[in-house]
Amino acid sequence: GPLWTGYGQLRFDGVNDSVDCGAEAHLNQKSSLTLCAWICPESFGLKGDARIVDKGNESAGFAFYLKGGIRGLAWKAGNAEVTSAEDAIRLNEWQHVAVSYSDASDTVTFYVNGKAKGTVTGYTTNPADSADVPLIIGNNAALAAGFKGMISDVRLYSRALTAEEIDLIYRTYEVRENKLVAFEVAADGYTYALQAGQTLPAGATFADGVFSWRPWYNQAGNYTFHFDVAGQAGLTQSIPVVVENVILNDWYRIWLDLLGK
């Protein structure tokens with residue numbers, strides 16, 4: 001099936017590649033939920049319905065997918081389909097996508113890069129029991145709706161996340177120790193600087209709007225970096241970074257100690 005790119009991303013061929021996540025009970029969501037993922041699509045699929053996540057059929061479960069006719073996103077529980085705003089998705093670019101369904105408010109909201117891209121009200125169709133149907137990434141169970149491109153960091157939540165929570169997921173960088181994290185903080189015509197009082201951890205740099213850091217093996221933890229534009233109260237950015245601990249082999253730890261690192 002799909003191939004690892006080496007950066008924690010899977011490349012799908014748009015035909016019969018898929019990831020079968022099984023049909024365990026916690027995947028059988030029948031009420032409010034949220035799905036999100038990072039995607040870099042190369043097309044909208046052979047039939048314009050390339051699956052990001054699919055768990056169901058025409059009478060059960062749910063699906064989150066690309067919609068070629070509007071160049072956007074679609075969601076359905078059973079066969080009750082709703083779609084995002086038009087032109088929400090760009091091909092050959094990485095973007096964070098999410099869909100949130102609230103049973104309490106009967107709404108479906110789509111998000112791209114942390115921003116709402118269409119809300120449908122009056123949606124009263126809960127996903128029907130899909131206990132016997134596997135959750136598939138990058139296709140459907142019949143292998144008839146293949147995703148072409150790359151998918152990473154797929155998440156399923158058993159409630160409707162708020163807009164603020166989805167934006168935080170989009171903005172949070174997650175890396176392991178000794179892996180590079182880099183991003184640009186920019187706005188047309190303005191220059192961002194590190195916020196007054198903010199101290200960068202050892203090894204991190206911020207120059208010409210670009211943050212770069214390869215955390216060392218003693219720097220695991222949760223960080224939030226704040227940037228602003230002098231004299232522009234509304235131009236601030238807060239970027240969370242989560243550094244995961246790497247357990248070193250004893251021989252490597254001893255070797256680093258000998259090197260004084």
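**Notes on the model**

1. Let me begin in the sheet: Val-99 stands opposite Phe-110 in S10. S9 and S10 run antiparallel and are joined by six bridges. Strands here are DSSP runs of E with at least two residues, helices are runs of H or I with at least four, and both are numbered from the N terminus; two strands pair if DSSP finds at least two bridges between them.

2. A word on the basis. This is a predicted model, in which local features need pLDDT of at least 70 and side-chain atom pairs count only at pLDDT 80 or more, while totals for chains, interfaces and linings use all residues. Residues are numbered from 1 along each chain as its sequence is written, and side-chain values use heavy atoms, with hydrogens and water left out.

3. S9 also has a partner in strand S4 (residues 33-41): seven bridges join these antiparallel strands, and Thr-34 stands opposite Ser-100. In the hairpin of S9 and S10, four residues lie between the strands, and Asp-106 takes a positive phi near 55°.

4. How many residues of strand S9 (residues 95-102) are buried? Eight of its eight are, where buried means under 20% relative accessible area, exposed over 50%, and partly exposed in between (1.4 Å probe, protein chains only). In a regular strand the side chains alternate between the two faces of the sheet. Here both faces are covered, with Gln-95, Val-97, Val-99 and Tyr-101 on one side and His-96, Ala-98, Ser-100 and Ser-102 on the other.

5. Asp-54 in strand S5 (residues 51-56) deserves a look. Asp-54 is buried at 4% relative accessible area, and its side chain makes a polar contact with that of Arg-51 at 2.7 Å. (A polar contact is a pair of N or O atoms within 3.5 Å; within protein, one must be able to donate a hydrogen and the other to accept it, and residues adjacent in sequence count only if both atoms are side-chain atoms.)

6. Now the salt bridges, meaning a side-chain nitrogen of Lys or Arg within 4 Å of a carboxyl oxygen of Asp or Glu. The count comes to 12. One of them links Arg-171 to Asp-167, with the closest N and O atoms 2.9 Å apart. Both residues lie in helix H1 (residues 163-171), four residues apart, about one turn of the helix. Arg-171 is partly exposed at 22%, whereas Asp-167 is buried at 15%.
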